[in-house]
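This report goes through one protein chain, from a single site to the whole. Please keep the sequence and the model in view while reading.

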Amino acid sequence: MIFNIIYKRFVLLFCILLLGFALKAQNNFVITGKYRVTSVPFQFKNNLILIPISINNQKFTFILDTGVSKTLLFNIKANDSVKLNNRKKIRIKGLGANEYYQAIKSTNNFIKIKNIIHPKAEIYSITEANFDFSSKIGIDIHGIIGADLLKNFIVEIDYAKKKIKFYKSKRIRLKRKKKWKEFPIKIINHKPYISLKMNNSIQNLLIDTGSGDALWLFEDKNNKIPKKYFEDYLGNGLSGEIHGKKAKMKDFFIGDFHLKNVLVAYPDSTYIRYKKDNFIRNGIIGGNILKRFKVILDYKDKRLLLKKNAKFNEPFWYNKTGIDLSYNGKILVKEQKINLENSDSNGNKTIDFLNIIQFTFKDSYIISGVKKGSSGEKSGLQKGDILIAINGRKAFNYKLEEIIHKFSGKKKKIHLTIERNSVKYKFEVALIDYL
C-alpha cells in the first residue's frame with residue numbers, strides 16, 4: 001500500500017515535470033524529430049546572413065542578427081500580407097531621448113526554419129520606422145531575428161560554406177580542436193559581448209552579425225579618431241540613416257588572431273547609447289570581421305569559439321567613389337539569342353542561324369546618394385541617376401554587391417553610363433583611396 005502511494009506520487013511528480021518542460025519548450029525554438037542538429041543554408045550579402053523563415057505558413061527572408069533580442073518584422077508589404085495573431089498596438093523607443101515609434105506586438109505565431117519551430121512566437125511589427133535594407137542588399141528583406149532563436153542552441157556559423165548548424169546538445173565535438181580558440185563572453189540583454197584589450201584599455205564589443213561593417217568604435221578618451229579618415233554613410237537604424245567617419249586600424253587582435261589594416265567606423269554621437277543597464281559598450285564587431293572565421297556561439301555556457309577560414313587575410317575594401325547605389329526593382333529587358341545547333345528528323349546535327357528574341361525581368365540600380373566632395377560628385381553624377389552600364393557592360397548583368405565591389409577595387413577609374421530624364425550620359429569616375 002505504501003509502495004503504491006509512493007509510486008503514484010512519483011508518477012504524478014514525473015508528469016508535472018514533463019508538463020513543465022513541455023510548457024517551457026512551447027515558449028522557445030526547438031528542433032523537431034530525432035535529430036540533434038539542424039543545418040540551415042543561408043545567403044550572404046553585404047556581409048549579412050540572410051535565412052529563410054516561415055511565419056504562419058508564409059515565407060520570408062530575415063537577417064540573422066545577434067545584436068537584437070526580439071524578432072522584428074518591418075517590411076510594410078510583408079506586414080500587409082502576413083497573418084499575425086493576437087495583435088496589440090504599442091510604442092517602442094528609438095535612440096533619441098523622446099523618439100517613439102508605432103509598432104504591433106503579436107503573440108502565438110508559428111515560426112518554422114527548416115525543422116526548427118516555435119509554436120507560440122512573439123513578433124514585433126514596426127510600422128513607422130524607415131528600414132531600407134532591401135534596396136541596399138538587392139533582395140526583399142522582411143525582418144530581423146536574433147536572440148529569440150540563438151539563445152536556445154549552440155550555433156555554428158560556417159561563412160565559407162554558407163551554412164548554420166543549430167545543436168540542441170550541451171556540448172559539441174570539434175574537428176581539429178587545436179585550431180579553435182575559445183573566448184569567454186557576456187550575455188547582456190540577450191546580446192553577446194566580448195572583452196578585448198584595445199588602445200591600452202579593456203573594451204566591451206558587441207558581437208553583431210547584423211552589422212556589415214568590420215568594426216565600430218564609439219569615440220571616447222581611449223578611442224580617438226585618427227587624423228586620416230573620411231565621412232561615410234554607415235547604415236540604417238530605427239531612427240533613420242546613420243553617418244560617421246571611417247579610418248583604418250593597423251593592428252587588431254582577437255586573442256592570438258591578428259588582423260591588419262582593419263576598416264573602423266566611428267558613428268556620430270547622435271546615434272550612440274554608451275550605457276544600458278549600467279553596462280558600457282565600446283563598439284561592435286561586425287560581419288566583415290566575423291566572415292573570416294568559422295564561428296561558434298554558445299549563449300548558455302557564455303563562450304565564443306573561432307577558427308580561421310580562407311577569407312582571413314582578405315583586404316578590407318571600401319567604396320572609393322562616394323556613390324551610394326541602391327536596388328531599384330525589376331526592368332523588362334529585350335535580349336537577342338542565336339540558336340546555332342539543331343537536329344533533323346534523322347538525328348543529324350545541323351546548324352541553324354535563328355534569331356530568338358526574348359524578354360526577361362532584370363535587376364536595375366539607382367544612385368540613391370552622392371557624398372559631398374567625392375569623386376562621384378565631382379564627375380557630375382546626381383542622386384536619382386539610373387545606372388545603365390559599368391565599363392561598357394550592362395548593369396543588369398551584375399548583382400548589387402558585385403558593383404559595390406567594383407567601386408572598391410584597385411583600378412584608378414571606372415566608366416559609368418547613366419540615364420537621367422530619359423537621356424543617357426557617360427561619366428568617368430576616379431577611385432580615390434582616402435586612407
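## Asn288

At 8% relative accessibility, Asn288 counts as buried (under 20% relative accessible area, with exposed meaning over 50% and partly exposed in between, for a 1.4 Å probe and protein chains only). Asn288 belongs to helix 5, residues 287-290, where helices (H or I, at least four residues) and strands (E, at least two) are DSSP runs numbered from the N terminus. The side chain of Asn288 is joined to that of Lys291 by a polar contact of 3.4 Å, a term for a pair of N or O atoms within 3.5 Å of which, within protein, one must be able to donate a hydrogen and the other to accept it, residues adjacent in sequence counting only if both atoms are side-chain atoms.

When neighbours within four places in sequence are left aside, Asn288 is in contact (heavy atoms within 4.5 Å) with Asn47, Gly212, Asp213, Ala214 and Phe316.

## Basis of the model

The model is predicted, so local features need pLDDT of at least 70 and side-chain atom pairs count only at pLDDT 80 or more, whereas totals for chains, interfaces and linings use all residues. Residues are numbered from 1 along each chain as its sequence is written, and side-chain values use heavy atoms, with hydrogens and water left out.

The mean pLDDT (the predictor's confidence in each residue, from 0 to 100) is 83 for the chain, and 80% of its residues reach 70 or more. Over residues 1-25 the pLDDT is below 50, and this stretch has one contact in the model beyond near neighbours in sequence.

## Nonpolar cores

A nonpolar core is a set of buried Ala, Val, Leu, Ile, Met, Phe, Trp, Tyr and Cys residues joined through side-chain atoms within 4.5 Å. The largest has 62 residues, of which Leu215, Phe252, Ile254 and Ile289 touch the most other members. Strand 20 (residues 257-267) supplies the largest share of this core, six residues. Another core, of 19 residues, lies apart from it and includes Leu381, Phe407, Val429 and Leu431.

In helix 7 (residues 400-407), Leu400, Ile403 and Phe407 are buried. The buried residues of helix 7 fall within an arc of 65° seen down its axis, so they line one face of the helix; the arc is that of the directions from the helix axis to the C-beta atoms.

## Asn200 and the whole chain

Asn200, in the loop between strand 15 (191-198) and strand 16 (201-207), is exposed, with a relative accessible area of 78%.

Overall, the chain has seven helices and 33 strands, and 47% of its 435 residues count as buried.
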